Amino acid sequence: MSIRVLLSSKHKVVSEGIAAVLRTHPDLQVVGMAETDEKTQALCSESAPHVVLIGMHANNQQDLALIHALAASRSSPHMVAFSGESDRHAIIEILDAGAKGYVATTSSIDELIAAIRAAAAGRVYLCQTAAGEMMASVRKFRAGDGLVRGALGGREEQVLRLIADGFSSKEIARNLQIAPSTVEVHRRNIMRKVGLHKVADLTRYAIRNQMVSV
């Protein structure tokens, strides 16, 4: 089944260029292009895309509001943001708003396509630029990492990384060669220790603490 993609960008030429490339891939279907937030939301209701690709503008809270709105909508499509900003704060802010993926405008079209496919599968994706920015701050988070490792055991960290990568409990069990019931125990313990109870919140927690694979 093709991945239905809606392009949302205030720059029509950008959307048309991306759409032209996406149409060369048989597993990707462009179902619409929108230049305004209102049209984006309308097309989401009409065309039911699996993934919405959203062009972000620097420090534009309206773009974040659109992601929030789509995440809370009935259709609730997966979203990939692409932006010229790639600092850690901006990336986390975009993911907190509800996006599944982030791709810098300096990235290749291959990374953009990889992000769309990952988002369609329910996985988090960060382009190499964003991943590099996140990893560059690891040293600043050494003390914080110690706190995380003090709160979570080694197996719990492994489970959390796989949860953040979009794996189900059964898939995690197969990956770690443990029983699904054991995964559920680890999942409950992780949620209790970090005080979070939604997969999206756990994913953002893992990203903040440099635990997610990108």
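Visitor: How much space lies in the second largest cavity?
Guide: About 40 Å³. Bear in mind that this is a predicted model, in which local features need pLDDT of at least 70 and side-chain atom pairs count only at pLDDT 80 or more, while totals for chains, interfaces and linings use all residues. Residues are numbered from 1 along each chain as its sequence is written, and side-chain values use heavy atoms, with hydrogens and water left out.

Visitor: And what counts as a cavity here?
Guide: On a 1 Å grid over the protein atoms alone, a cavity is a set of points where a 1.4 Å probe fits but cannot get out; a pocket is an open set with protein on both sides within 12 Å along at least five of seven lines, and lining residues have an atom within 4 Å of a point. Points are joined across faces, edges and corners, and a volume is the space filled by probe spheres set on them.

Visitor: How many cavities of 30 Å³ or more turn up in the whole structure?
Guide: Two.

Visitor: Back to the second largest one. Which residues line it?
Guide: The lining includes Ser8, Ser9 and Lys10, along with Thr36, Asp37, Ile54 and Asp63. Helix 2 (37–47), strand 3 (51–55) and helix 3 (61–72) are the elements that give two or more residues each. Helices (H or I, at least four residues) and strands (E, at least two) are DSSP runs numbered from the N terminus.

Visitor: How does that lining divide into nonpolar, polar and charged?
Guide: Two nonpolar, five polar and four charged. Asp, Glu, Lys and Arg are the charged ones, Ala, Val, Leu, Ile, Met, Phe, Trp, Tyr, Cys and Pro the nonpolar ones, and the others, Gly among them, count as polar.

Visitor: You mentioned Thr36. Where does threonine 36 lie?
Guide: In the loop between strand 2 (28–34) and helix 2. Threonine 36 is 25 residues from histidine 11 in sequence, and their C-alpha atoms are 9.8 Å apart in space.

Visitor: Why is threonine 36 called partly exposed?
Guide: Because its relative accessible area is 36%, and the label covers what falls between buried (under 20%) and exposed (over 50%), using a 1.4 Å probe and protein chains only.

Visitor: Changing topic: what order do the strands of the sheet take?
Guide: The open sheet of six strands runs 2-1-3-4-5-6, with parallel pairing. Strands 2 and 6 are the edges, each pairing on one side only. Two strands pair if DSSP finds at least two bridges between them.

Visitor: What's around strand 1 (residues 3–8)?
Guide: Five of the six residues in strand 1 are buried. Leucine 7 has methionine 33 as its bridge partner in strand 2, and stands opposite leucine 53 in strand 3.

Visitor: And which helix does the chain cross through from strand 1 to strand 2?
Guide: Helix 1 (residues 12–22), in a right-handed β-α-β crossover. Right-handed means that, with the strands pointing away from the viewer, the path from the first strand over the helix to the second runs clockwise.

Visitor: Which β-α-β units involve strand 5, and what is their hand?
Guide: Strand 4, helix 4 (residues 88–97) and strand 5 make a right-handed unit, whereas strand 5, helix 5 and strand 6 make a left-handed one.

Visitor: How many bridges join strand 5 to strand 4, and to strand 6?
Guide: Four to strand 4 (residues 78–83) and two to strand 6 (residues 125–126). Valine 80 is partnered with glycine 101, serine 83 stands opposite alanine 104, and tyrosine 102 stands opposite leucine 126.

Visitor: Are the residues of strand 5 (residues 101–104) buried or exposed?
Guide: All are buried, with Gly101 and Val103 pointing one way and Tyr102 and Ala104 the other.

Visitor: Last one: what volume has the largest pocket?
Guide: About 260 Å³. Of its 16 lining residues, Gly98, Ala99, Lys100, Ala200 and Arg204 are the closest to the centre. Helix 11 (199–208) is one of the elements giving two or more residues to this lining, and gives the most, with four. The lining divides into nine nonpolar, four polar and three charged residues.
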